[in-house]
Amino acid sequence: MKKIVAISLLILLIFSCDNKYPDYDKRGDGVYMKLLYFEDEEKSYHPLFHAVASIEVIDGENLLYKRYKEDIINLENNEFSFLIKEMNEGDSASFMVSAAKIQEAFKPVNFNKITSEYVEVNIKIYQYYTKGEHLSASQGYDKEMMEQLILKKYIKECRAKPTYEGLYVEQLKKGHGKKIEKGDVITIAYKGYFINRLEFDNISGATAFTFTYGTPGQVIKGLDLAINGMKNGEKSKIIITSQLAFGEGGSTTRVVPPFTTVIYEIEIVNVK
């Protein structure tokens, strides 16, 4: 009997040493979970469901990702499904997930500036929909309307101001010299990301983009409008709705989905 107890204690000790986060339960390689709130008699996860959920990914004090509940999740092949599968409708949970694991799940888009070995992922499941329930609930809401609902939430949280219909600008750094005009040869550096903060493009340093401003097809319409009047050295955050970005078809690379607002932080590196 003493031998059995000793073995049990040894197994418990080994498991405790393996758990980086004592308040969390280990749920697989590089994943720890703490249930914050749960419902007993609601729907459980199914890979063919849609989910109304809010999600945040935090690295220390830095918010890396935020998904609003208005952005309905199709759980089939969704990047967060490996975590959501642990949750029932109505549950709230905190996960500690290895940076390597979450970065791999989201390729080709990137989490920006992860500095820790593990990141915190907070998820709240408001509702699960079957396919039929989702189709019924979404009647009267087309993709463009959903885009506007999500954009409205985001705009409330930032200091960007509308400049044209579908275009919002927040100046991050003042420039100098004359305003950019058509025919100027300019060099720009930028990073592009979605409202959820995932980065899909980054051009800087040796890869900074030089072109003649006003030449058709060089940049998307929203960037073209925003660059007009900027100055050398100026840096701005530009929020561009799909009608001035990649439209109802999305980008040709399929990285930017249809009816998706994009955000660029753009710097005017040089003007000639």
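**Strand pairing and a surface patch**

Gly-192 stands opposite Tyr-264, a residue of strand E16. This is a detail of a predicted model, and it belongs to a longer pairing. Strand E11, which covers residues 185-194, runs antiparallel to strand E16, residues 262-271, and nine bridges join the two.

Strand E16 has a further partner. Strand E15, made of residues 235-240, also pairs with E16 in the antiparallel sense, here over six bridges. In this pairing Ser-236 is found opposite Ile-266 of E16. When reading such strands, keep one general point in mind: side chains in a regular strand alternate between the two faces of the sheet.

These strands belong to a protein that contains 16 strands and six helices. Its C-alpha trace spans about 85 × 45 × 30 Å along the principal axes. Of the contacts with a separation of 6 or more, 71% are between residues 24 or more positions apart. The protein has 272 residues, and 42% of them are buried.

Next comes the surface. The protein exposes about 15500 Å², and 51% of this is supplied by carbon and sulfur atoms. Which residues make a nonpolar surface patch of about 270 Å²? They are Tyr-141, Met-145 and Leu-149. Met-145 lies in helix H5, which comprises residues 143-156. Why can Met-145 be called partly exposed? Its relative accessible area is 37%, and partly exposed means a value between the limit for buried, under 20%, and the limit for exposed, over 50%.

Methods. Residues numbered from 1 in each chain as written. Predicted model: local features only at pLDDT ≥ 70, side-chain atom pairs only at ≥ 80, totals over all residues. Heavy atoms only, no water. Pairing = 2+ DSSP bridges. Helix = DSSP H or I, 4+ residues; strand = E, 2+ residues; numbered from the N terminus. Patch = residues over 30% accessible without salt bridge, like charges linked within 9 Å, V, L, I, M, F, W, Y side chains within 5 Å. Areas by Shrake-Rupley, 256 points an atom, 1.4 Å probe, with all protein chains shown as cover. Salt bridge = Lys/Arg side-chain N within 4 Å of Asp/Glu carboxyl O. Buried < 20%, exposed > 50% of the residue type's maximum accessible area, 1.4 Å probe, protein only. Contact = heavy atoms within 4.5 Å.
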